[in-house]
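Let's take a friendly walk through the inside of a protein. Have a look at the sequence and the model before reading on.

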Amino acid sequence: MKRKIMALLMAAAMGASMVLSACSSGGETTQTTTAAAKETAAETKNTAGESKAEGETAGSGLLNETGYPIVNEPITLKVGVKAGSAALDGPWADYDWIKALQEQSGINFEFVEYADNEAVSLMFASRDYPDISFDVGNDKQIKEAAEGGDLYAIDEYMEQYAPNWYKYFQDNPRSKATVTSADGHIYSLPAVWDETKESGSSMRDVFVIATPWLDELGLEIPTTTNEFYEVLKAFKEHAGEGSIPENVIPLYIYGITNNVGGALDLINFFGVRVSSHRYCVTMDDNEKVEFNFANEDIKEPLKYIRKLVEEGLVPVECFTDSNDEYLAKIKSADNYVGACFSGVNRDDGATTVIGVLDSENGKKPMKRGIEAVVTRNRFTIYKNCEYPEAAVRLANLIAEPEWSIQGYFGMFDGHFMEKTSDGKFMRLGYPMDEQRKSSGVVTRVSLLCSKENVMNNLVFEEGSNWGEQMKEREIYDDYLIPGKNCYPNIMFSDKNASRISELYTDIKSCVDTTFADWMINGGIDEGWDAYIAQLKDYGLEEFLSLLQEERDSAMALVQ
Amino acid sequence: MRNKKMLLRIKKHWQLYLLLLPAVLYVAVFDYAPMYGLLGAFENFKPYLGYLRSEWVGFLHFERFFSTNAFAKIVPNTIKLSVYSLVAGFPIPIILALCLNYVPSVKFKKLVQNITYAPHFISVVVLVSMVNVFFGTNNGLINGIRDSLGMDRILFIGDPDIFRHLYVWSGVWQGMGWGSIIYISALSSVDPGLHESAIVDGASILQRIRYIDIPTIVPVIVTLLILDAGKVMSVGFDKVFLMQNSLNLSASEVIATYVYKRGLLNAEYGYSTAVGLFNSVINLILLITVNQISKKVSDIGIL
């Protein structure tokens, strides 16, 4: 009897753990099951492709070639989107912008929300597409869907139905290169946000310092790295006095190589050109790809940061914190961070944007720049769509100046935005934390905020928080790393893409772990040679030559 | 002849087979049917071509995995982490179950049981946040105590040597109560007559554990051990990934996190399938080996 109970128990335990172990490897298996049904789906797809011509005529009967609404009787498109977090963004259908867009275009949206990247993967693997999608799919997924003949080549419709995009790409060949796939077609439209200066690049983070503390201590705003060091020391020494709290963090950096909040700007101040925006590489003046994380010149700024860490001016958990912790610290109402790099300055007067610091090593300080932001894969039309012309016209409508800017900053309702009498778009001084509410679609839809289209007409309400923010940033203009020194945002060819990502994973983690270790334990000079040898071992040379090759061929494509 | 017997048996005990059917179906549909997706490990898989028409690349993905620089680091990391988890985590539920078995007060026993298995229901994200709150450098509880005692603050979260201890012991804390349930139920099947006569013979508690309880639950222990040995290569992804940072990466980069960074973020289905297959094969070999050893030594096995 006992034996029997035991046997049953064992069987139960065994079964349970087998099921569990099967579940834990679920990722691929789900894809597999759906792919099973896919063979048949492919057949239907093919026939659908052949009958495309009929579909087109059926669609164009409804289409108004110009003017609005786009279609002469309402149609419904299934729109694939990534689900936003409800608390932050709210459901897609609730945005005023989306509602107004449906009204003007005469096209109703039926949103298909994908909970996460896995859901998106599954959609592509099973080829169960919506009609159009915003911000769904990465380069590889879009490319493979295009290879499979599942996407409309938008460029073929562009001249006739999307003149805004057609003109933009004509005028901006570099942007065209970033969205054109290897076969010369454009399968997905990007979101464009171009606030570049004359140098061809725009700002990344601002450098902020707690000016009330400086005032209390009777200190000037630092202009050199040495003065900055003295200021940080003063913050620490006077912890607990005046408005400087006991637990003060004199300088908070979010790791070294993080694009947002990291210490890259601090390295730039020493005249070393680094960026982590595109594969951690930059371009030198001879159009050669360079990797300054392996340049001896970076030792000086690293030693400087190490000194700050060693003396407790930068807390060690900077190197272990998560993004949430970084944001919580720099945005905390208790203001215990003395200086940091941040995407936006706070609007409560606790900090002020300050300029670059001179390292006094004879080199001109730099500040990270980024090229016009062209974010791919924001508007894709799938072969399911019976009305490709209408969809392209919808993309064109979104790219109209008014629609693009309202998608970014909020509607022309007198609270978020206003249209001035001379036809400019004025951003009003609404509180910063309302930003998400006003502009939930930002960067997730193919908004065309290029210079000619939008940015040249954008003004800020006099004296408003947003206007001040823009003005503050001007102190960096002379120091920005120019656009030609940024690695372009391009799609990699099939043969190199996975090799590049493979090499990059190793190289990036080598840089991150080594730098973090140096910051905590020191030993930069002693460890330098081993670090370089390790990078070589990880294939740094191959990595750079592949990036060079990809860059050259992408540039050749547009010239 | 045998088949006929089998059919007869099924006919005779059809209710039992009916009970078994859902489980068999489940395994067939969700565990066996998807297995042809393993083909992806040998292909340059493209969704629009499917498994049958995607380009066949043989062992390319495996070669890529074995030749990566990180291979020499992530495989030992994975094994160290899971073997440590197994060695530390396996005996503790057994000891807990044996202790609870001798608690005379039923109320107290239930209370302890509830308290010890409550952490099982905490999600990994919360657990990792708790670890961070307790062991943080400047604001952490432990370092606060150390500081007020005049000791140095320690960078627990960023130290690769400490990472494994944090990972394993937080796991033990979370899992021991839940893990002990099966042993407690096994212990309840011990014939009370044995204990009574042992008491009459003057056996101490330790002797009763040694000669009555443990021999009874040995089959359960061995079974679970064999199953756990079959999971050595698959360290759970979530918790490691959440606890990872650039300082402890040298200890915390395991196969699952590496494949995530390399393969899944870039939608490299073939590559991730190949690594998954590699893991499963090693696990299977381990499982069979441990099972064979156990059969030889104790005559208990699951296969």
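Into how many nonpolar, polar and charged residues does the lining of the second largest cavity divide? The lining has five nonpolar, three polar and three charged residues; here Ala, Val, Leu, Ile, Met, Phe, Trp, Tyr, Cys and Pro count as nonpolar, Asp, Glu, Lys and Arg as charged, and the others, Gly among them, as polar. A cavity is a set of points on a 1 Å grid over the protein atoms alone where a 1.4 Å probe fits but cannot get out, and its lining residues have an atom within 4 Å of a point.

This is a predicted model, in which local features need pLDDT of at least 70, side-chain atom pairs count only at pLDDT 80 or more, and totals for chains, interfaces and linings use all residues. Residues are numbered from 1 along each chain as its sequence is written, chains are lettered from A and ligands numbered from 1 in the order in which they are written, and side-chain values use heavy atoms, with hydrogens and water left out.

The second largest cavity has a volume of about 90 Å³, and its lining includes A:Asp139, A:Lys143 and A:Arg376. The largest cavity holds about 110 Å³ of space. Nearest its centre lie A:His277, A:Arg278, A:Glu371, A:Cys486 and A:Tyr487.

Now for the packed parts. A nonpolar core is a set of buried (under 20% relative accessible area, 1.4 Å probe, protein chains only) Ala, Val, Leu, Ile, Met, Phe, Trp, Tyr and Cys residues joined through side-chain atoms within 4.5 Å. The largest such core has 86 residues, and A:Ile253 and A:Phe319 are among those touching the most other members. A second, separate core of 64 residues includes A:Val79 and A:Trp403.

Methods: Buried < 20%, exposed > 50% of the residue type's maximum accessible area, 1.4 Å probe, protein only. 1 Å grid on protein atoms, 1.4 Å probe; cavity = no way out; pocket = protein on both sides within 12 Å on 5 of 7 lines; lining within 4 Å. Points joined across faces, edges and corners; volume = space filled by probe spheres on them.
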